[in-house]
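Reader: I have a structure open and would like to go through a few parts of it slowly. Could you help me read it?

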Amino acid sequence: MGNASSMLTQYDIEEVQEHCSYLFSQQEIVSLYERFCQLDRSAKGFVSEDEFLSIPEFSTNPLSK
């Protein structure tokens, strides 16, 4: 798997910061994006139910379904 942060440009990071009223640092945005890429195994741009339930904390939660 490639480096997920290499898919984010500086422009992308700054745009996210602007939309979030600068609540997140650049490193936090990169970290969140890398985690998203780990969860989006199918690379569809979203986390499917199966991918979401692969997180142990959510798969054992009785309210997850």
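Predicted model: local features only at pLDDT ≥ 70, side-chain atom pairs only at ≥ 80, totals over all residues.

Reader: Okay, where does Gln-17 lie?

Author: Gln-17 is part of helix α1, which covers residues 10-19.

Reader: And is Gln-17 buried or exposed?

Author: Gln-17 has a relative accessibility of 11%, and because buried means under 20%, Gln-17 counts as buried.

Reader: So what does Gln-17 touch?

Author: Leaving aside residues up to four places away in sequence, Gln-17 touches Tyr-22, Phe-24, Ser-25, Gln-26 and Ile-29.

Reader: Which residues of α2 are buried?

Author: They are Ile-29, Val-30, Cys-37 and Leu-39, and Ile-29 is also one of the residues that Gln-17 touches.

Reader: What covers those buried residues of α2?

Author: The cover includes α1 and also α3, which spans 49-53.

Reader: How far does α2 reach from end to end?

Author: Helix α2 runs over residues 26-39, which makes 14 residues, and from its first C-alpha to its last it reaches 20 Å, close to the 20 Å expected at 1.5 Å a residue.

Reader: Switching to rings, how many aromatic pairs are there?

Author: The structure holds two aromatic pairs. In the pair of Phe-52 and Phe-58, the ring centres are 4.4 Å apart and the planes are at 25°, so this pair is stacked.

Reader: How accessible are Phe-52 and Phe-58?

Author: Phe-52 counts as partly exposed, with a relative accessibility of 36%, and Phe-58 counts as partly exposed at 34%.

Definitions and conventions. Residues numbered from 1 in each chain as written. Heavy atoms only, no water. Helix = DSSP H or I, 4+ residues; strand = E, 2+ residues; numbered from the N terminus. Buried < 20%, exposed > 50% of the residue type's maximum accessible area, 1.4 Å probe, protein only. Contact = heavy atoms within 4.5 Å. Expected span 1.5 Å × (residues − 1). Phe/Tyr/Trp six-rings, centres within 6.5 Å; stacked < 30°, edge-to-face > 60°.
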